[in-house]
Amino acid sequence: MGFKSVEEELSPEFLKRLDPVEIHGIPLHKGTAERWHLISEFKAQPDDLVISSYPKSGTTWIQEIVDMIRHGGDPQKCGKSPIYKRMPFLEMPHAAVSYMEEIETMPSPRTIKTHLPVQLLPPSFWEQNCKVIYMARNPKDNVLSYFHFHRMNQTYPDPVTWDHFLENFLAGKVLWGSWFDHVHGWWAAKDHHPILYLFYEDMKEDPGREIQKVATFLGFESPEPVVNKIIQQTTFESMKANPMTNYSTLPSFILDQTVTPFMRKGIVGDWKEYFTVAQSEKLDYIYAQLLGNSGLIFRTQL
Ligand code: A3P
């Protein structure tokens, strides 16, 4: 991909906190909604890889792991440009119209990041039978991370307070919609598409095992020394210190890292610092109602 400055690639009208706009009933960023006609018509190629997730599930982590696998664990090759350049964000909220052309002209094999719920993925990805890696995270840590991200992302709706944001999240009234529908929709889709469904908690527990899974899914050999190198280079600490993965290359009028860093804590169980007992029970109740019979099981502590 060519190198333009971030400012050149952005549409200034979307660089502020705006109310979401619904597309097929899903609240999306206004900047995404305005380009929806281009996004939904995106022409996939059979060797495209999709990395999909609900926001703040560890997307950047799995992106870097995939790039490392593709480059045999060589940090020099992965460190040439920020992760969002190496693997563009399909529905990037503040992109200019030309952004779609830029993705279309990327050399193959392309890896494309999306947070779209399964029913909104452009049909071409299904028609071309593209592989998908889906990353899921337990809802309590996921919503907490999303709350902090809304505080620092100056182009997302104001989260107001933790209590307010949590209520909106539980009602699916946040960008990219209901977490419950998202994780379930992609879970069901894996029965009829090549989807590798991963869990953030499993990655924390045993990154080597999960890296092996990803490598096998992508058709790569994964000798132990390479896996060990990838583990080291994709620890939370390494990625926090790496400007190519920590989003410090984006200007503060988009991500204000003085509010809270993009690489914030990277742990399982931080939710306990924020949730009241009543909030935790409410989420558990909604989970049981909506996903109790889904077969999906999340761990909220290790
Ligand atoms: P926290 O806010 O809980 O720290 P995404 O990439 O989908 O936006 O997800 C960001 C979340 O993943 C943040 O969670 C971030 O710290 C965490 N994360 C990113 N890289 C990580 C890594 N290498 N190990 C563990 N967590 C990581």
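Guide: Let us begin with one pair. The side chains of E167 and K282 form a salt bridge, 2.9 Å from N to O; the term denotes a side-chain nitrogen of Lys or Arg within 4 Å of a carboxyl oxygen of Asp or Glu. This pair links distant parts of the chain, with E167 in helix 10 (residues 162–170) and K282 in helix 16, 115 residues apart; helices here are DSSP runs (H or I, at least four residues), numbered from the N terminus.

The model is predicted: local features need pLDDT of at least 70 and side-chain atom pairs count only at pLDDT 80 or more, while totals for chains, interfaces and linings use all residues. Residues are numbered from 1 along each chain as its sequence is written, and side-chain values use heavy atoms, with hydrogens and water left out.

E167 counts as partly exposed because its relative accessibility is 38%, and K282 is partly exposed at 36%. Here buried means under 20% relative accessible area, exposed over 50%, and partly exposed in between (1.4 Å probe, protein chains only).

A second salt bridge joins the side chains of E64 and R86 at 3.0 Å, N to O. It too links distant parts of the chain, E64 lying in helix 4 and R86 in helix 6, 22 residues apart. Both E64 and R86 are buried.

D191 and K190 also meet through their side chains, at 3.7 Å from N to O. D191 is exposed at 64% relative accessibility, whereas K190, at 26%, is partly exposed.

Finally, salt bridges link D202, E205, R209, E210, K213 and R299 in a network. The structure holds 15 salt bridges.

Methods. Helix = DSSP H or I, 4+ residues; strand = E, 2+ residues; numbered from the N terminus.
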